[in-house]
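Inspect the model below before reading on.

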Amino acid sequence: MPNFELVTAADVQLMQGLAQRVTAIRPDLVNAEATFGELAWNWGRGHAGDGAGWPRRLWFSGGDLVAWGWAHLPHQVRRSDGSVKDVTGACLTYQVHPGHAGLIDEVIDWYDVIAADIERTVIPSAADEFALKRWAAHGYQTDPASLGDAGYWTQLNERDLTDVEQPVLPDGFRFRTADEAGPKAAVQAHLDAWAPSTYTAEGYEGVRQTAAYRGDLHILVEAPDGTMASSTITWLDEANKTAEFEPVGTHPDYRRLGLGRAMLLHGMRLARAAGATHVTVPCLGAPGHPQARGLFYSVGFRELSRDAPLIKTKTAG
């Protein structure tokens, strides 16, 4: 394994800056996991446990970050139910500014060195025709696991905030923020919605330490019995006057009550009050995963972009 530098909190802020610049000119070219909010969420919740397997490389032009690669190397995933999963392949998150598109070849070459002799996956935007051609030229092909109804790839959805209806909760439920409810309740809300989950109190502390996190925009829905039944974090990109909901989840015992819908509408109103004019939210895009997409469509979201998952086997190239 070659020597490499690991992703730091300062790197994430630089990456978010690039996400903001790309969002301003070509939002459809912002890769999955490379959005302003996803970067903070993924680094914050995972760096303490997985950061030792996160090599990165940064490319600059005139002092500005114009491309980066963040590799996730083989590791063990420990879930809240005690189960452990071995991840044997590598995955790359990356972004290249469209004004420096030619750097994609350097990103690919770096990834192939960092993850040599390991099965490699990557998730470029389906709208990035130039990058897709370059990945193909380096031996990457459509990931068979992404095909069909059960495929695991992300669709990013958007809507404006000019007309947001009033949210309505069932009797006895109320909106809270993480600032009000506290860390323990915020963590438990996520664990209940996503069980089994890799999330921990330490992971949430990492999320809270990211520059983009705001506890007053971390929304929860409290049930009459005190359970935090639904939750989402709103990531506000002030430069582009846009916000992103990530993650969005509801406790299994409280689904189909309209909590997620009300929470998103409430979040939109809070985002608008904070200066946003536009909002996004990711979901699984394959036909066999309709639940989240249906929820988001019900409050006015529509598809902005989608992944094009690629893979390179150990024997290819």
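Which elements each supply at least two residues of the lining of the largest cavity? They are α6 (183-194) and β12 (228-237). Helices (H or I, at least four residues) and strands (E, at least two) are DSSP runs, numbered from the N terminus.

## Basis

This is a predicted model: local features need pLDDT of at least 70, side-chain atom pairs count only at pLDDT 80 or more, and totals for chains, interfaces and linings use all residues. Residues are numbered from 1 along each chain as its sequence is written, and side-chain values use heavy atoms, with hydrogens and water left out.

## The cavity

The count comes to 1 cavity of 30 Å³ or more. A cavity is a set of points, on a 1 Å grid over the protein atoms alone, where a 1.4 Å probe fits but cannot get out. The largest cavity holds about 50 Å³ of space. Volume here is the space filled by probe spheres set on the points, with grid points joined across faces, edges and corners.

Its lining residues (an atom within 4 Å of a point) are W41, A186, H190, Y199, H218, S231, T232, I233 and P247. β12 gives the largest share, 3 residues. By class, the lining has 5 nonpolar, 4 polar and no charged residues. Ala, Val, Leu, Ile, Met, Phe, Trp, Tyr, Cys and Pro count as nonpolar; Asp, Glu, Lys and Arg as charged; the others, Gly among them, as polar.

## The α2/α7 pair

W41 lines the largest cavity and also takes part in the contact of α2 with α7. On the α2 side are W41, G44, R45, H47 and A48; they meet E202, G203, G206 and V207 in α7. Contact means heavy atoms within 4.5 Å. These residues divide into 3 nonpolar, 4 polar and 2 charged.

The axes of α2 (residues 36-50) and α7 (residues 201-209) come within 7 Å and cross at roughly 140°. Axes are lines fitted to C-alpha atoms over the stretch in contact, and angles run from 0 to 180 degrees between N-to-C directions. The two helices are therefore oblique to each other: angles under 35 degrees count as roughly parallel, over 145 as roughly antiparallel, 65 to 115 as roughly perpendicular and the rest as oblique.

## The second largest pocket

This pocket holds about 240 Å³ of space. A pocket is an open set with protein on both sides within 12 Å along at least five of seven lines. Of its 17 lining residues, T23, P27, T242, H278 and T280 are the closest to the centre.

β13 (242-250) gives the largest share of the lining, 3 residues. The lining divides into 8 nonpolar, 6 polar and 3 charged.
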